[in-house]
Amino acid sequence: MFKHTLRSFIYIICVYLFISLIPFSGFEDTTPDIQPYIEAETEPVDMRELESLYFSPGIAGASASPLTDKYIALTFDDGPHEAYTPEILDILREYGVKATFFIVGKNCEEHPELAARIIDEGHEVGNHTYSHLPNIAKADEDTIMRELLRVEDTLHELRGYRPRLFRPPGGVYNVTLDRVATQLNYTAVLWNVDTHDWRCPPSPKIATEVIKKVKPGYIVLMHDYVVGKSNTPAALRIFLPRLIELGYRFVTVSELINMSGTPEE
Ligand SMILES: [Zn+2]
């Protein structure tokens, strides 16, 4: 229990550090704003409150030791998508890469065969809420809980699978979300590198962003569901061979968390 709580705390600190590195206007600018899901108008998170709750020298010390091995986690949000998810899965299989897919429950209901394929091919599936919950920053605990449990039930029926990672839509995180995540035994996960691939920039731009910014232990944000012509699959074909050449290895987010060397109970 202590170990789990500590891991959750460490992730909160990652969230805090991430948010504190950029001005708030910049943070909002990085929020995916894809259709048909309308992103929440984000209320500023009271970082001082989060800090007082989660920031302690002991925990900061534990999270401050970086991974020396070149392990990173690729993550894909908002799917499954009928065209892009299979294309991405094919490329990942070709390069022997494992990733984490933060699925939207509604899309999973439309394409259960793709969610099943993600699981069957050894990738991790995380919870991105049932409806890509709009206004999540203002949602009450019951609503958030319903959204998360509905995804869980679908995956459990499909493959007996219970996701343990949660990525809030738009990267919004606040005390209410934290309370629900803790209650349902989820670890909240954001990212270190944002590719902005949902805006469909040219594939070399997405690839360069990853190659330039990635460091050992980092989590990369991409999408397997975008509106329009996705350049994410083409970007994978550019940056995967390059990162492999540079000695990087790809693990799921849970595997990355387990490598981060948190103290045992
Ligand atoms: Zn999303």
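What covers the buried residues of helix 5? The cover includes strand 1 (71-77), helix 7 (112-120) and helix 11 (232-245). The model is predicted: local features need pLDDT of at least 70, side-chain atom pairs count only at pLDDT 80 or more, and totals for chains, interfaces and linings use all residues. Residues are numbered from 1 along each chain as its sequence is written. Helices (H or I, at least four residues) and strands (E, at least two) are DSSP runs, numbered from the N terminus.

Take helix 5 itself, residues 84-95. Its 12 residues should span 16 Å at 1.5 Å a residue, and its end C-alpha atoms are 17 Å apart, which agrees. The expected span is 1.5 Å times one less than the number of residues. Tyr84, Thr85, Ile88, Leu89 and Leu92 are buried in this helix. Seen down the helix 5 axis, the buried residues fall within an arc of 130°, so they line one face. That arc is taken from the directions from the helix axis to the C-beta atoms. An α-helix has 3.6 residues a turn, so residues three or four places apart point the same way. The face turned away from the buried side carries the exposed residues Asp90 and Glu94. A residue is buried if 20 or more other C-beta atoms lie within 10 Å of its own, exposed if 12 or fewer, and partly exposed in between, with C-beta atoms placed from the backbone. Just after helix 5, Gly96 takes a positive phi of about 65°.

Now the strands. Strand 2 (residues 100-103) and strand 3 run parallel, joined by four bridges. Two strands pair if DSSP finds at least two bridges between them. Phe101 has Val125 as its bridge partner in strand 3. From strand 3 (residues 124-127), Glu124 and Gly126 point one way, Val125 and Asn127 the other, and all are buried. In a regular strand the side chains alternate between the two faces of the sheet.

Next, the core. The largest nonpolar core has 61 residues, of which Ile103 and Val220 touch the most other members. Helix 11 gives the most to this core, with five residues. Such a core is a set of buried Ala, Val, Leu, Ile, Met, Phe, Trp, Tyr and Cys residues joined through C-beta atoms within 7 Å. Leaving aside neighbours within four places in sequence, Val220 is in contact (C-beta atoms, placed from the backbone, within 7 Å) with residues including Ile72, Leu74, Trp191 and Val214.

Finally, Arg159 lies in helix 8 (residues 141-159). Arg159 is partly exposed, with 15 other C-beta atoms within 10 Å. Beyond its neighbours within four places in sequence, Arg159 is in contact with Ala116 and Ile119.

How values were computed
Two residues are in contact if their C-beta atoms, placed from the backbone, lie within 7 Å.
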